[in-house]
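Here is a brief report on a protein model.

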Amino acid sequence: MTFGGSKIQKTSGIRYIHRLILVALGSLLLIVNVAGGQQRKETKRVLIILAGQMYVPGYELAEKETREALNKNTDFQFEYFIEYMDRYRFDEVPFQKKLLSLYRTKYINKKIDLIFVFGVHALSLVAAHGNEMFPEIPVVFNGVLETHIKSLKLDQRFTGCFIEIDYLGLLNTALNNHPNTRHIAIISGAAKVDRSVEKQARKAYSPYANKYDFIYLGHLPMRDILDRLAKLPKHTVVIYFLLLKDVKGEAFKPWKVAGFLSEAANAPVYGLADTYLGKGIVGGTLISYEAQGRKTGEIGLRILSGENPADIPISAEGTILNMFDWRQLKRWGINESDLPQGSIVRFRELSLWDQYRWYIIGGICLFFIQGFLIVKLAGLHKKGKKKEQELKASDERYKSFIKNSTEDIYRFEFERPLDITLPEDEQIDHFYKYVYVAEANDAWARSAGYERAEDLLGFRFEDFLPRSRPESIATIKKFISMQYHMHNYETVEVYESGITRCVINSVIGIIEKGQLVRMWGTGRDISDLKTTEKALADSEKQLRLLTNALPVLISYIDRDDRYRYTNRAYERWFGTKMEENIGRLHREVLGEELHKKIEPFVQRALAGETVYFEMDLVRDGKAYPFEAAYIPDVDSDGEIQGFYVLAQDVSVRKQKEAELQKTRDQLAHLSRVVAVGEIASSVAHELNQPLSAIRSYAQAARRYLDRNPADLEETDNALGGVVAASRRADEVIQRIRAILKKESINRSRLDVKEYIQEVIVIVRRQAEDKKILLRTDIPDSLPPVFGDRLQVQQVLMNLIINGFEAMADGEDGSRELVVRAAQDQADAVMISVQDSGIGITDEIRDHLFDAFFTTKRDGLGLGLSISRTIVEENMGRLWCAQNPDKGTTFYYTLPIYTEDVR
Amino acid sequence: MTIPEATVFVVDDDSHVRGSLKQLIKSVGLNVHTFSSAQEFLDQDLPDTPSCLVLDIRMPSLSGLDLQDELVKRGLTTPVIFITGHGTVPMSVRAMKSGAVDFLQKPFEDQDLLDAIHRAIEQNKRTRLEQAEIGEIKRRVESLTPREYEVLVLVVAGMLNKQIAYDLKMSENTVKTHRAHIMQKMQVDSLADLVRLTVKVGILQQKG
């Protein structure tokens, strides 16, 4: 489809139609000539060998252009022989040999004058075997790379042109069209040649790497490439080179890929070759297969006219062209005047073609009545030109108006028209999918945080009415419900630039045949107004809410000692209302007496100092303790305007603290009772042992006495046992009684070993029951400590019993609890209780000493909490640590006894 | 009744209890050895005399019940009397099942303990005698030649000489000669006596 090659600003649409008609007429003439005038022109036999199959756009274009160029001459007429090697689909060696022998047989008796080869495979075939098959016949090639030519060692008969990729030209053309570009997405596939092209591109673009963000997408499967293209950041251009295969090995036709990519991309796509043009790419500095074809055709003519092929240089000159798709230029808001000099713009004529189609066809029909045709065409031509000028002038006026407007002016286009009978949801979908900004002005761009109107072109709804925001959906729903005519509707727009603006929009939708095709609109940014207003109101409201919710008395007193603000707590305390307070004197509300007391603090606050103090306030004859802060209010000039008063009634807190202490004392006692309860069975056994021993001793004594003669010595021994055992029973009873007795703290000099042993005796039985090996490691040389005997014994007992419980699930023989004591620092002894139990996690350790925290099924969660309180009351510390192998060790310290410690 | 050669072993970790038991048992003229742990007792070489064991059930590391299990494992037949501060039913059931002769709760009547000790020692004596007799019979059986042993098995199974000869593929006269040697070596005069001895060491079952 190339009925449209035109140099911009030189060839108007109308003139192009003339050319077309001439071409068409020329063809007709040619047919007539071929039929009737063979003698007048020499016939040349031209063999064209194409490497690929039919309908490969590059070759097709080139081949067509070659023949067109040849046919332009007046000296020869041509007989064409065309061979498609189909090399890309059939690359087996035996097939190639067969093909060669086929060509040989086919053309051995034809006198071929000139050979054109398209593509490297065709060239290498002719280069390798051409001399035997077609001796002395000149060969003109195209569609090959320069490296191929070098490697093939072509002889004198060969000339032609090669393909060159202008990497930098392509990049610069894209950047020229999109001056705000920040990101450049590069796509080249995974086939060998794709990779080599990408490698070249990377090399060529490396100097730009610090200026632009290059995103190479060739390593992704096609589906992912398309996904990525749909989500490219703003200010991206896409450069697509070549994709024969994607990374998954799937084969593609590169020109078709150009279509997929352009369709998917949210950014303009620039391409490699003119075969991509019309598929959706904007264009670029392209390999022109068309120009390649034309050039080879012209070279062919020169050779046929007698020039030596060796004298015609092999080059790519003139085959790289700046070409663009008019429709895409419009879409991306690119002015034709900004394109590089000599750019070719295609596809602009579509509408004109539609418009003038019948004239053209009519013109061909009317060729035979030539005179009339010429008159008619000349008339049309003039008319068209005049219309065009008028339009241009009007367009200029319109553009200037839009550009200078202080309000947003914009036009949205639909990639697909919207059927207005669709349900609302589907319509909303459609808006997000197919609507883009086709026209915008600087007023909109600037207020949305962009530099130029062009930056907004191509924006989607999502780019300023994010779908996630209910306001966006509300706006669209409103537009739909207002039958696509919306007036002064307040919309919140959110941009990627970081700007959120509030706009009053008026939008009109253009409906054609029941379908919405376009929208025009204007908008006025009212964000500033809105934000300030709202921020002020919000902050005051929040402040009021906050201060009123606080149980703190808050007020603001100005430097004239008058109230400016009081919060609810303040009003409640003093029994006043804010409205009454405002403007009243501070001393009036507080009363003379109180005011006198606070006077010095007021003075300090007004001097710029933040003052904290405690004071009792009296109400109804009762004193309430208060903590207060005066915070000076310094304005921007550094002058003190007044001060804030924050005052809090702390009576409740103080009362709570006292209650807490009382509770703690009660709990300490309770825990002692609980601890004793826990070991009750041990205690019973403890008493049972000496009792049992006493009985046995006594009975033994009786038997010795019953002997004849009585054994008095053994009787005495037995009675000694009775005394010792009964003493022990007494000790047990004394100890239990002492522990149960609630006494206030009574610190004294303690022997560490002794007090530990006393506890060990109590818990020993429990250890035996639980098959726990209970060991102690206490040196004799320890200095005495200072503490409340009962309290520190209670702590130790608690720790030991905890240790027992931690080991409850352990294996028999593995349960061991060791109580150690050692001098810790110069002034303390450290006692440790080490178990081999389950250990404690970090999580538990954090709460271990919290009251009511327990991991035991029936624990109170008080033991460790109280233990710590007790140790601290005894000037020590209590902590724990994980053992390196297993279990936990609890440590506590007690101060070493000295004469002056008391 | 005094049994001078008998020994009572006491294992208890409480020194008062240990001391008082020693005094009590000594007062009736029995030999007493005391140990403060089960392990200490196990490490001891025990004298080859009738004995019994007075054991506290609850002790650190190896308990009384564990010790009892260990004795059974070692094939020792010393009877065990348990004493405990506060025993439970399952505990006493387990002890009795493992062969304890008595289970006393502290504090106990001295006579109860002493009676239990005597019963245990008597039992131990009987056991020891039985073991001695069985040992003697086994020694006699071991003195038989393999061929004589084969004949013995068939004889006590009640087979006639003719049948034995057929079974063992020998002449009837040879069977008669073997029988004579067997009676002599086993030191019995009648077939009835021979069967009685072999039943005690379980030879009859070998044929069955």
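## The interface

How much area do chain A and chain B bury between them, and what percentage of it is on carbon and sulfur atoms? In this predicted model, the two chains bury about 2500 Å². Carbon and sulfur atoms carry 43% of that area. The contact involves 24 residues of chain A and 28 residues of chain B.

Salt bridges between chain A and chain B number 5. One of them joins the side chains of B:K26 and A:E714, with N to O at 3.0 Å.

## Chain A's side

Three helices of chain A each give two or more residues to the side that touches chain B: α23 (680–706), α24 (712–740) and α25 (752–769). The largest share, 13 residues, comes from α23(A). By type, this side of chain A has 7 nonpolar, 8 polar and 9 charged residues.

## Aromatic pairs

Over all chains, the structure holds 36 aromatic pairs. One of them is A:Y167 with A:F241: the ring centres are 5.4 Å apart and the planes meet at 55 degrees, so the pair is tilted. A:Y167 sits in helix α6, and A:F241 in the loop between β8 and α9, so the pair ties together parts 74 residues apart in sequence. Both residues are buried.

A:Y630 and A:F643 also form a tilted pair, at 4.9 Å centre to centre and 35 degrees between the planes. A:Y630 belongs to strand β21 and A:F643 to strand β22, so this pair ties together parts 13 residues apart in sequence. A:Y630 is buried at 4% relative accessibility. A:F643 is buried at 0%.

Technical notes. Residues are numbered from 1 along each chain as its sequence is written. Chains are lettered from A and ligands numbered from 1 in the order in which they are written. This is a predicted model: local features need pLDDT of at least 70, side-chain atom pairs count only at pLDDT 80 or more; totals for chains, interfaces and linings use all residues. Side-chain values use heavy atoms; hydrogens and water are left out. Contact means heavy atoms within 4.5 Å. Buried area is the accessible area (1.4 Å probe) that two parts lose on being put together, summed over both. A salt bridge is a side-chain nitrogen of Lys or Arg within 4 Å of a carboxyl oxygen of Asp or Glu. Helices (H or I, at least four residues) and strands (E, at least two) are DSSP runs, numbered from the N terminus. Ala, Val, Leu, Ile, Met, Phe, Trp, Tyr, Cys and Pro count as nonpolar, Asp, Glu, Lys and Arg as charged, and the others, Gly among them, as polar. Rings of Phe, Tyr and Trp (its six-membered ring) pair if their centres lie within 6.5 Å; planes under 30 degrees apart count as stacked, over 60 as edge-to-face and the rest as tilted. Buried means under 20% relative accessible area, exposed over 50%, partly exposed in between (1.4 Å probe, protein chains only).
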